[in-house]
Structures are given as structure tokens and as C-alpha cells.
Amino acid sequence: MDNVFSLNVVTPNGSVYEREDVVLAVLKTTAGELGVMKGHIPTVAALNMGYVKVSLDNGSEYLAVSDGFVEIRQQKVSIIVQTAEPANEIDVARAELAKSRAESHLNSDDENSDIERAKRALARANNRIRVANLV
Ligand code: ATP
């Protein structure tokens with residue numbers, strides 16, 4: 001097919017997702033939602049935590065991603081993030097546990113509790129739960 005491009009999602013653990021047959025990718029950049037098709041103007045943008053929607057010829061799939069960057073080239077899109085999970089690989093029970101842990105940190109009056117860290121963990125857990133429900 002001549003309307004497809006390749007998409008690669010890279011984390012510190014290496015490449016976690018790679019497809020050569022993407023028709024459309026929708027990303028949440030810090031400037032808003034961005035739809036990418038083959039031949040998109042070369043771009044580098046910062047990404048917000050959220051989802052990436054990947055449309056193929058026969059349907060769409062979603063990935064949960066943390067903050068990061070996207071590099072768009074003519075035939076290839078690279079997403080560089082701290083963590084990424086395809087929606088069908090998200091362990092919802094694990095995310096629910098992470099959410100409860102983060103909430104109890106936020107609700108404790110312990111002076112040593114790292115509030116910002118707990119907020120980030122809560123945001124990651126909520127994002128995973130949301131994206132798992134998109135499948
Ligand atoms: P947890 O406390 O459950 O480890 P976390 O938000 O601290 O959650 P991260 O540090 O963001 O976890 O991620 C560590 C690794 O575990 C990454 O490779 C990430 O993709 C994976 N991961 C985290 N949570 C889940 C989940 N609910 N389902 C699948 N993979 C997950």
C-alpha cells in the first residue's frame with residue numbers, strides 16, 4: 001500500500017511497539033491533538049501523557065503513553081516516551097493497585113510523603129485505566 005508509514009515507540013526498555021502499516025496516528029501533543037498521515041511535514045513535538053491511537057487498514061489500536069516526544073519524518077514516526085503499553089497489554093488490576101497506593105499517599109498527613117511523586121503515579125495509573133477501557 002502506498003498510503004502507509006511506519007511507527008515506532010521507544011522507551012528506556014527499548015522498542016515496545018513497531019508497525020510498518022499505519023494509516024493514521026493520533027497523538028496528544030502539548031499544543032493539542034495531532035493527526036499524522038504519510039507525508040506529514042517533518043516535525044518534532046512534545047507529548048502529554050495520554051493515548052496514541054494507531055489506525056491500520058483493518059481497525060485501530062491504542063497505546064497508553066507517558067510524557068515524551070514525537071519525531072515525524074516523511075515515512076516514519078518515532079515516539080520517545082518513558083513508558084508505553086498497548087491497551088490490550090495493560091494490567092488493570094496492577095494499575096488499580098498503583099492508584100490506591102498513590103491515593104493513600106495523597107491522603108496521608110505524613111510530612112515525608114512525596115506529594116508530587118504520588119500525583120504523578122496517580123496520573124499514570126488513571127491514564128492506564130482509561131486507555132485499557134478504550135479497547
Ligand atoms: P507500578 O507501581 O504498578 O509499577 P508505575 O506507574 O510506577 O506502576 P512505571 O514506573 O510507570 O510504573 O512503569 C514501569 C514499567 O512497568 C514500564 O515498563 C511500564 O510499561 C510497566 N507498567 C506499569 N504499569 C503497568 C500496567 N498496569 N500494565 C502493564 N504494564 C505496566
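I counted 1 cavity of 30 Å³ or more. A cavity here is a set of points, on a 1 Å grid over the protein atoms alone, where a 1.4 Å probe fits but cannot get out. The largest cavity has a volume of about 40 Å³, taken as the space filled by probe spheres set on the points.

The model is predicted: local features need pLDDT of at least 70, side-chain atom pairs count only at pLDDT 80 or more, and totals for chains, interfaces and linings use all residues. Residues are numbered from 1 along each chain as its sequence is written, and side-chain values use heavy atoms, with hydrogens and water left out.

I listed the lining (an atom within 4 Å of a point). Among the lining residues are Met49, Ser66, Glu85, Arg124 and Arg128. Strand E7 (59-65) and H2 each give two or more residues, and H2 gives the most, with 3. The lining divides into 3 nonpolar, 3 polar and 3 charged residues.

Next, the ligand. I found 13 residues around the ligand, the closest being Glu85, Asp91, Arg94, Arg101 and Arg124; the cut-off is a heavy atom within 4 Å. Helix H1 (92-107) is among the elements that supply at least two shell residues, and H1 gives the most, with 4.

An oxygen atom of the ligand lies 2.8 Å from an N or O atom in the Arg94 side chain. For the Arg101 side chain the distance is 2.7 Å, and for Arg124 it is 2.6 Å.

Technical notes. A polar contact is a pair of N or O atoms within 3.5 Å; within protein, one must be able to donate a hydrogen and the other to accept it, and residues adjacent in sequence count only if both atoms are side-chain atoms. On a 1 Å grid over the protein atoms alone, a cavity is a set of points where a 1.4 Å probe fits but cannot get out, and a pocket is an open set with protein on both sides within 12 Å along at least five of seven lines; lining residues have an atom within 4 Å of a point. Ala, Val, Leu, Ile, Met, Phe, Trp, Tyr, Cys and Pro count as nonpolar, Asp, Glu, Lys and Arg as charged, and the others, Gly among them, as polar.
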